[in-house]
Amino acid sequence: MTAAEISRIAGVTRATVSNWRRRHDDFPAPSGGTESSPLYDLTAVQAWLRGRGHTSAASPTEELRTALRLLGPGSGAAARLFPLVAAMSRLTPEALAELATASDDQLTARAEKAAAQLPAAVPEAEPVRYGPDDAGAVRALLGCLREAGAQTALDVLAERELEEGAASGVYQTPEGLALLMASLLPAGATRVLDPACGSGTLLAAAAQQGAQELFGQDTLPVQAQRSAVRLLIAAPGADVAIRVGDSLRNDAFPEVTVDAVLSNPPFADRDWGHDELAYDPRWAYGVPPRFESELAWVQHALAHLEAGGHAVMLLPPALAFRSSGRRIRAELIRSGALRAVISLPARAAYPLHIGLQIWVLQRPEPGGADRTPVLFVDGEGEQRDATTGTPGATVAATAGFGTRGGSRLGRSGSSSSTASSSSGSTFDWAGLTGRVLTQWAAFTTAPDTYADEPGIARAVPLVDLLDDVVDVTPARHVRATAADIDPAALARRVHDLHGQLAEQVAALAATSASGGWQPSGVSAREWRTATVSDLARGGALTVLRAATPGTRGSKGSAAPTVDRPVLTAHDISAGNPPSGTAVDLHADAVQPVAAGDVLVRAVAGGGDAAAMTRVADDRDTGALLGQHIHLLRPDPARLDPWFLAGFLGAEDNIASASTGSTLVHVAPGRLRVPLLPLEEQRRYGEAFRSVYELRAAVRRTADLAADTAATLTTGLTAGVLLPPDAPNTPETPDGRSV
């Protein structure tokens with residue numbers, strides 16, 4: 001191990017490690033490396049640290065990673081330790097604790113004996129022997145298993161054998177997505193196959209739903225072993241059969257038919273066996289094109305189903321519209337095999353830059369009932385409008401039709417927060433699952449009478465899908481508006497909107513009246529100023545500094561539970577009431593916002609300097625402070641809050657107190673405020689309040705105008721509104737209208 005790794009496990013700096021090397025003669029001598037970059041024996045270093053009372057500062061998970069690195073690349077150490085995870089997971093906590101006290105020789109001997117009892121369900125598992133060099137890794141594995149659990153230990157071992165990510169094309173299916181896919185299977189599905197099982201996440205989810213016979217296959221031996229061990233731990237009562245091999249070229253279960261197939265197959269695989277499998281009997285719906293490997297996986301899944309069985313597959317969005325797959329899509333629809341297509345928001349699963357789709361398929365029963373419509377659920381559209389903040393959902397719903405902004409599938413937190421997790425960990429899988437399953441249950445119960453959900457879901461008759469394109473992209477078929485809008489109700493709504501808009505325009509005109517604004521003189525007024533830091537030192541105000549990402553805890557730490565709204569930086573910019581949740585919470589939010597507090601955004605941008613500040617009012621009272629916000633609490637006997645907010649938000653003031661180029665951070669202590677008597681401050685404060693109200697009136701007018709325009713456009717295009725008669729239409733000499 002390197003000096004940097006020693007510093008990490010000891011919880012000290014690298015300089016401290018260098019100091020130990022110079023000052024302590026008994027510090028372990030280098031066992032390899034070079035004079036400038038020496039390497040040390042992990043066991044010797046750990047013994048030396050324990051002898052001096054240093055407990056390891058690294059987590060058991062990180063210690064296991066370090067131990068595996070020390071075994072060197074290409075050692076196959078991780079795969080050799082897979083059997084041990086399964087064996088150790090069956091031991092009681094007391095037995096694990098007793099094993100941790102054993103000597104290295106005793107530990108490796110007992111580990112070897114335990115690994116020899118590995119069930120035959122683990123593919124290509126050979127007898128394992130653990131030598132003295134393996135003792136550190138075995139002990140680290142034991143510590144990780146005791147502290148973090150068997151599944152975490154298994155994932156760390158797999159990391160060593162695989163480079164999960166874009167370079168290898170190996171990705172884990174998020175557990176939330178796996179549970180959603182498994183929940184789409186009918187109740188009673190006990191025999192489940194995953195022909196590209198990977199880490200076994202989907203089969204484990206099927207076991208949670210009651211599956212008792214689990215079949216899986218993967219081309220990578222390490223993935224097949226990982227999947228088998230995972231299922232032995234997660235579903236000890238299930239019959240597990242995992243095999244190694246290419247499911248398309250060398251199906252390990254050619255005679256097996258199952259109740260259900262769950263799969264997240266490889267995407268865009270150009271070497272899937274097109275030429276050698278050209279006459280394969282599985283291609284009942286057509287020979288998959290060379291560049292449509294996903295259609296080969298779809299038909300492979302259908303071939304393994306019992307009549308009436310279901311397949312739920314995660315597929316790329318291009319499969320829904322590529323011209324090369326049109327004929328097969330048409331046959332899937334015509335036969336009734338395609339039951340539903342559900343689009344997911346981008347960043348829900350790897351690859352993160354595209355919104356994947358879930359296809360639900362069913363093997364047709366001979367002589368079955370008439371073919372039912374296909375259900376489309378547009379979760380991608382819900383995410384798209386949630387991020388752009390499309391207005392008008394409330395107005396549209398009142399008028400009897402919906403917009404894509406009305407429900408936020410897959411969105412976590414508030415409209416101002418970002419769902420940007422590399423693994424989908426911040427994703428609201430519970431919300432997405434509930435919405436999707438509600439639509440799926442209603443559709444499967446009565447597909448012919450299913451009522452569409454505007455902006456979310458729609459059932460489309462087969463004849464409407466079999467056109468020249470056969471595009472099954474949900475966004476193309478889910479209507480943004482209801483099909484049964486009441487013309488009279490919509491006309492009344494338009495009349496009401498016009499009245500509200502006229503009132504708002506009048507209010508805007510009154511707010512923008514120029515009476516009373518006078519020049520200051522021949523030249524601009526000058527005054528002495530003080531910084532916010534000066535005012536804080538003098539007790540005129542108190543500053544609560546903004547938090548930066550990551551100050552709350554380590555990556556992946558759970559957000560706290562709060563029972564109050566959270567005021568976000570976006571709320572300040574948009575003039576909204578507090579809309580954040582726990583994920584937006586300020587690290588120092590120990591006291592609620594009070595009326596009269598001055599709020600300053602900690603990150604400049606958006607091209608609107610005046611929106612950088614805001615005075616808290618009654619609607620903000622009691623809210624907690626979100627991230628990237630400075631809170632200034634002025635002494636009302638010395639500072640007027642509106643005076644303070646107005647001058648702090650001046651564009652030049654913000655610019656002079658900011659640092660950075662791409663991301664501009666505002667240092668509140670450097671903001672300057674004129675030194676004026678309180679009465680003079682209040683005069684300016686009232687003026688700044690008027691400016692704020694003008695800005696708010698402009699926003700309200702713009703939102704109302706946008707809602708009115710959207711309602712009119714929908715009414716005209718949906719055929720429920722007629723254009724008004726043109727007044728005083730001129731006529732030609734022969735009496736015709738121009």
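1. Start with one side chain. A polar atom in the side chain of T433 sits 2.7 Å from the backbone oxygen of W429. This is a predicted model. T433 belongs to helix α17, which covers residues 429–445. With a relative accessibility of 16%, T433 counts as buried, because the cut-off for buried is under 20%. Setting aside neighbours within four places in sequence, T433 is in contact with G176 and L180.

2. Now take the whole helix. α17 has 17 residues. From its first C-alpha to its last it reaches 24 Å, close to the 24 Å expected at 1.5 Å a residue. Its buried residues are W429, G431, L432, T433, V436, Q439, W440 and F443. An α-helix has 3.6 residues a turn, so residues three or four places apart point the same way. Keep that rule in mind as you read the list of buried residues in α17.

3. What covers the buried residues of α17? The cover includes one helix, α10 (175–183). It also includes the strands β7 (305–315), β8, β9 (357–362), β10 and β11. Strand β10 deserves a point of its own.

4. Is strand β10 enclosed or open? Residues 374–378 make up β10, and 5 of the 5 are buried, so the strand is largely enclosed by the rest of the structure. In a regular strand the side chains alternate between the two faces of the sheet. Look for that here. V374, F376 and D378 point one way, while L375 and V377 point the other way. Residues on both sides of β10 are buried.

5. Which strands pair with β10? One is β8 (residues 338–343), which pairs with β10 in the parallel sense over 4 bridges. Within that pairing, A340 has L375 of β10 as its bridge partner. Another is β11 (residues 457–460), joined to β10 by 4 bridges and running antiparallel. There, V377 has A457 of β11 as its bridge partner.

6. β20 pairs with β21 (residues 664–666) over 2 bridges, in the antiparallel sense. T659 has H665 of β21 as its bridge partner.

7. Next, the nonpolar cores. In soluble globular proteins, nonpolar side chains tend to be buried together. Here, the largest nonpolar core has 48 residues. Within this core, L177, L214, L262 and I358 touch the most other members. Helix α11 (residues 201–208) gives the most to this core, with 6 residues. A second, separate core has 41 residues, including V258, A296, V374 and V460.

8. Look closely at L262. Leaving aside neighbours within four places in sequence, L262 has contacts that include M181, A182, L185, V192 and L193. Its contacts also include D194, P195, L202, A206 and V312.

9. Where does V298 lie? V298 is in helix α13 (residues 293–303). With a relative accessible area of 0%, V298 is buried. Residues up to four places away in sequence aside, V298 touches M313, L315, L332 and L361. W283 is 15 residues from V298 in sequence, and their C-alpha atoms are 9.5 Å apart in space.

10. Loops can hold buried residues too, and G245 is a case in point: it lies in the loop between β5 (239–244) and β6 (258–263), and it counts as buried at 14% relative accessibility. G245 touches Q217, D218 and T219, not counting residues up to four places away in sequence. L220 is 25 residues from G245 in sequence, with 7.3 Å between their C-alpha atoms.

11. Finally, the whole chain. The chain has 25 helices and 22 strands. Of its 738 residues, 46% count as buried. The accessible surface comes to about 35,200 Å², and 52% of that belongs to carbon and sulfur atoms. Take the contacts in the chain with a separation of 6 or more: residues 24 or more positions apart account for 74% of them.

Definitions and conventions
Residues numbered from 1 in each chain as written. Predicted model: local features only at pLDDT ≥ 70, side-chain atom pairs only at ≥ 80, totals over all residues. Heavy atoms only, no water. Buried < 20%, exposed > 50% of the residue type's maximum accessible area, 1.4 Å probe, protein only. Polar contact = N/O pair within 3.5 Å; in protein donor to acceptor, adjacent residues only side chain to side chain. Contact = heavy atoms within 4.5 Å. Areas by Shrake-Rupley, 256 points an atom, 1.4 Å probe, with all protein chains shown as cover. Pairing = 2+ DSSP bridges. Expected span 1.5 Å × (residues − 1). Core = buried A, V, L, I, M, F, W, Y, C linked by side-chain atoms within 4.5 Å.
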